[in-house]
Amino acid sequence: MSAMKPSRLLIAGLAAIGLTTAAQAADTITVVSWGGAYTNSQVKAYHEPWIAKTGNKINSEDYNGGLAEVRAQVEAGNVTWDLVDVELADAVRGCDEGILEPMPLDELPAGSDGTPAKDDFIAGTLHECAVGEIVWSTVYSYDTTKVATKPTTIADFFDLKKIPGKRGLRKTAKVNLEWALMADGVPADKVYEVLATPAGIDRAFAKLDTIKNDVVWWEAGAQPPQLLADGEVVMTSAYNGRLFNAIVNEKKPFDIVWDGQVWDIDLWVMPKGSKNKAAAMDFVKFATDTDRLADQANYISYGPVRKSSFAKVAPAMQPHMPTAPVNFKNPLQNDFGFWADYGDELNERFNAWLAS
Amino acid sequence: MAAITENDGMMRAADGTPLKQALARATRMNKARAFLLTTPLLAFILVTFILPIGLMLFRSIDTPEVSAAFPKTLAILQEWDGNDLPGEDAYASFASEMQELASDRDTRSMISRAGTRLNYIQSGFRSLMNKTSRRIQRVEEPPFKEAFIKIDKRWGEADTWKTIRQAGSRYSTRAYLNALDLTTSPDGEIVAQPEIKQIYVTLFERTIWVSIGVTVACIALAYPISYLLATLPSGTSNLLMIFVLLPFWTSLLVRTTSWIVLLQTNGVINDILVWIGIVGDDSRIQMIYNMTGTFIAMTHILLPFMVLPLYSVMKTIPRDHMRAARSLGANPMIAFMRIYLPQTVAGVGAGSILVFILAIGYYITPALVGGQDGQLISNIIEYHMKKSLNWGLAAALGGILLAGVLALYWLYNRIVGISNMKLG
């Protein structure tokens, strides 16, 4: 028996080597996104069809946004992420700092109606280093069973008399300062102009001061629906897709206030030095075609960035989209340029304001 | 006998070398062998611990971006008296350096990196640099001064150039200044940050106070538990030990989240209080997302680090000591204070230093249950590492924290003596 063992081991070893080489014939790319309901929608709409089509594999990872990991990987020369789903401000900053690969924008497939890609994508969703996927929005939501008067405007969020109780807000200066100004009567198209002045910043913080003691701060996208469901807050800011998931899929009694929604886009970027560049680029081209983008909107209420995808989104999903006309009445587009310049300073002040 | 004597009366080994020498060689070889055995560990610590910490600390003073991008312009600015605007030569050199960098995709990022560095000193610099580098491409003829001012009027302000000159030094202690709520004026004087931006000193103080508080709470809770564990019959005490160790083995995240379930406004504790009728349904107590939550969760999570060293010390104290003290006429209080307590000091010291040092760098728990006033210094370090990407400032904050811990350790060693510490 003991004489058998080495030969068995050998066979097992050879088989293992055979298996690994077989696996290496197909590429495995690492795709990083925000987790939860959002990643699920991407897995169903992008990953699974691509895996079925190419035979490649996808290693899906979650992160919490920001460029820290990308920068660390690029600087250490050990890039393990191939594609990352980032916000516009991070895409622009990463590109400027030279830690992202340029994207082959000319090779993106034309829309299903034949429109060339650069006209089919909404303006501002294609970037030197990034290809847009979705339009998402920060809105606020309330528990219909917990409030006496229903809030309808962004000013109501700051009105403790009209709707008493705790509010949830994301622990960052972004969106909160814009909302404070809008609630204070600044029209959406003047918000960043006012916020660029010292008096405007003081005004925004003064407005936030009025609710400071009644705010519960959240950090991860999955937190606010949970806070609302636990009754920890009566209303909270949240990403619209997460709320859609809670309202439609989990049947929670929440309602969304679209007034003053701050919308932004998410894009695919590739860290400089990605080891599976070809396969990852192929994935980007595949995942951002008309049908894939439209299909993704069937799983979560984030709008596609291609015009040709709009019509293909299921009718039942249309009213949940941030860009649906009924929701898009008083929107504000997040100004990445403003935040690239003033983000450090405003967040510093915001942190100091929080700690004081 | 040849080993012992020769003519000079010196002790010699078998081969004729003096015994002292032979002995020294043998011990040297033993030492070398012992050292060789520890080299894997040494190399491991060096590569995974000392080196990364060193590299990170180096980042706190390393500011190469501006000097790497604009060396010629900086040389000209060094000559500038700072009173009026710099001369045309500075503008011209700045323009040519920008044009050269912007001509290639790989070097273009150097302008942005310099812009990011400058933006830490003066907000708005990032877009100013990007905008200027795009537009200056089209300017080929002097006067460059007018061209720059036409692109943005800030180029016509002396402070803009002073900021560049300031950021141009290869190494800088600026991050440490910022970490202590200080900054420099354009002329280089050290001044306090405006009050609305001061945060780090407050957070350092808060972190130290929370750590002290948690340590004291841990001593108060762990002392009776450890005493019980050490004195009960081993069957019972082993069972109780499981209750200490089980949470210790459970994930930190799970334990923190359980506290959220217990303490939140509609959580178990509030529900029970309302049900008993101690508090009204509309005046539920806020016990989480504030300092209280941070304090409770941290104390619970760090408790085993106090129980275990205390237990191991108490286990070695013979019970006869207390009996002897009682029989000699000491009342229980005196017997405890003069006989038992002094013998447990080593355990209290070890537990305290463990808990305190772990608490001072605590991060996940305050992040999850801290809300706005339960945040500690580590949370702001994480913020600068992950969100603002100001790694220099994060490194400086971490460096100050490290120095603080080392100072406390040194103090502890002076007062209690590290050799008195018993960890188990």
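How are α5(B) and α8(B) oriented to each other? The views below come from a predicted model.

**View 1. Helices α5 and α8 of chain B cross within 10 Å of each other, axis to axis.** Helix α5 spans residues 105–121 of chain B, and helix α8 spans residues 158–167. Their axes cross at roughly 110 degrees. Angles of 65 to 115 degrees count as roughly perpendicular, so α5(B) and α8(B) are roughly perpendicular to each other. The crossing of α5(B) past α8(B) is right-handed. On α5(B), the contact is made by B:Arg117, B:Leu118 and B:Ile121. On α8(B), B:Thr163, B:Ile164, B:Gln166 and B:Ala167 make the contact. These contact residues divide into 4 nonpolar, 2 polar and 1 charged.

**View 2. Chain A meets chain B.** Here 25 residues of chain A are in contact with 33 residues of chain B. On the chain A side, the elements that give two or more residues are α3 (68–76), α4 (88–97), β7 (215–218) and α15 (336–355). Helix α15(A) gives the most, with 13 residues. The chain A side divides into 9 nonpolar, 6 polar and 10 charged residues.

**View 3. Helix α11 of chain A is mostly covered.** Just after α11(A), A:Lys251 takes a positive phi of about 55 degrees.

Key. Residues numbered from 1 in each chain as written. Chains lettered and ligands numbered in written order. Predicted model: local features only at pLDDT ≥ 70, side-chain atom pairs only at ≥ 80, totals over all residues. Axes fitted to C-alpha atoms, helices over the stretch in contact; angles between N-to-C directions. Helix = DSSP H or I, 4+ residues; strand = E, 2+ residues; numbered from the N terminus. Parallel < 35°, antiparallel > 145°, perpendicular 65-115°, else oblique. Left-handed = near helix turned anticlockwise from the far one by under 90°. Contact = placed C-beta atoms within 7 Å. Nonpolar A, V, L, I, M, F, W, Y, C, P; charged D, E, K, R; others polar. Buried ≥ 20, exposed ≤ 12 C-beta atoms within 10 Å, placed from the backbone.
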